[in-house]
Amino acid sequence: MFGMIAMQWRDANPDKKDNIRDYATVNEQRTRYKFCIRCYMIECYCHTIE
């Protein structure tokens, strides 16, 4: 989603101690939120089938 893996981001930004998500744009945060909601909904649906 961010165009790189976390290790690449940490290597490129050694002065920043936080997570790549902490520096995300509003659109990146919104996209991640929607993705998390969809994953949660799929997980809940899968548990109802069992």
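A disulfide is a pair of cysteine sulfur atoms within 2.5 Å. That cut-off is needed in the first exercise. The model used throughout is predicted.

**Exercise 1. The cysteine pair**

Solution: 
- Step 1. A disulfide is a covalent bond between the sulfur atoms of two cysteines.
- Step 2. Check the total. The structure holds zero disulfides. Cysteine 36 is in none, with the sulfur of cysteine 39 as its nearest.
- Step 3. Cysteine 39 sits in helix α2. Its relative accessible area is 34%, so cysteine 39 is partly exposed. Cysteine 36, at 35%, is partly exposed as well.

**Exercise 2. The aromatic pair**

Task: Find how many aromatic pairs the structure holds, and classify the geometry of tryptophan 9 and tyrosine 23.

Solution: 
- Step 1. Count. The structure holds one aromatic pair.
- Step 2. Read the geometry. The ring centres of tryptophan 9 and tyrosine 23 are 5.4 Å apart, and the planes meet at 35°.
- Step 3. Classify. Planes under 30 degrees apart would count as stacked, and over 60 as edge-to-face. At 35°, the pair is therefore tilted.
- Step 4. Tryptophan 9 belongs to helix α1 (residues 6-12), while tyrosine 23 is in the loop between α1 and α2. The pair therefore ties together parts that are 14 residues apart in sequence.
- Step 5. Tryptophan 9 has 9% relative accessibility and counts as buried. Tyrosine 23 has 39% and is partly exposed.

**Exercise 3. The nonpolar patch**

Task: Which residues form a nonpolar patch on the surface, and is isoleucine 37 buried, partly exposed or exposed?

Solution: 
- Step 1. List the members. They are Tyr33, Ile37, Tyr40 and Met41.
- Step 2. Take the area. Together they have about 470 Å² of accessible area.
- Step 3. Locate one member. Isoleucine 37 lies in helix α2, which covers residues 26-49.
- Step 4. Apply the cut-offs. Buried is under 20% and exposed is over 50%. Isoleucine 37 has 35% relative accessibility, so the residue is partly exposed.

**Exercise 4. The overall shape**

Task: What radius of gyration does the chain have, against that of a compact globule of 50 residues?

Solution: 
- Step 1. A compact globule of 50 residues would come near 10 Å.
- Step 2. Compare. The chain has 15 Å.
- Step 3. Check the box. Along the principal axes, the C-alpha atoms fill roughly 45 × 20 × 15 Å.
- Step 4. Check burial. Of the 50 residues, 8% count as buried.
- Step 5. Check the surface. The chain exposes about 4700 Å², and carbon and sulfur atoms supply 57% of that area.
- Step 6. Note the secondary structure. There are two helices and zero strands.

**Exercise 5. Separations along the chain**

Task: How far apart in space are glutamine 8 and cysteine 36, and aspartate 22 and tyrosine 40?

Solution: 
- Step 1. Take glutamine 8, in helix α1. With 44% relative accessible area, glutamine 8 is partly exposed. Its C-alpha is 23 Å from that of cysteine 36, across 28 residues of sequence.
- Step 2. Take aspartate 22, in the loop between α1 and α2. At 52%, aspartate 22 is exposed. Its C-alpha is 22 Å from that of tyrosine 40, 18 residues along the chain.
- Step 3. Cysteine 39 and asparagine 19 are 20 residues apart along the chain, and their C-alpha atoms are separated by 21 Å.

Terms used. Residues are numbered from 1 along each chain as its sequence is written. This is a predicted model: local features need pLDDT of at least 70, side-chain atom pairs count only at pLDDT 80 or more; totals for chains, interfaces and linings use all residues. Side-chain values use heavy atoms; hydrogens and water are left out. Patches are made of residues with over 30% relative accessible area and no salt bridge: like charges are joined within 9 Å, nonpolar side chains (Val, Leu, Ile, Met, Phe, Trp, Tyr) within 5 Å. Accessible areas come from the Shrake-Rupley method with a 1.4 Å probe; for residues, only the protein chains shown count as cover. A salt bridge is a side-chain nitrogen of Lys or Arg within 4 Å of a carboxyl oxygen of Asp or Glu. Helices (H or I, at least four residues) and strands (E, at least two) are DSSP runs, numbered from the N terminus. Buried means under 20% relative accessible area, exposed over 50%, partly exposed in between (1.4 Å probe, protein chains only). The radius of gyration is taken over C-alpha atoms; the globule rule is 2.2 Å times the number of residues to the power 0.38. Rings of Phe, Tyr and Trp (its six-membered ring) pair if their centres lie within 6.5 Å; planes under 30 degrees apart count as stacked, over 60 as edge-to-face and the rest as tilted.
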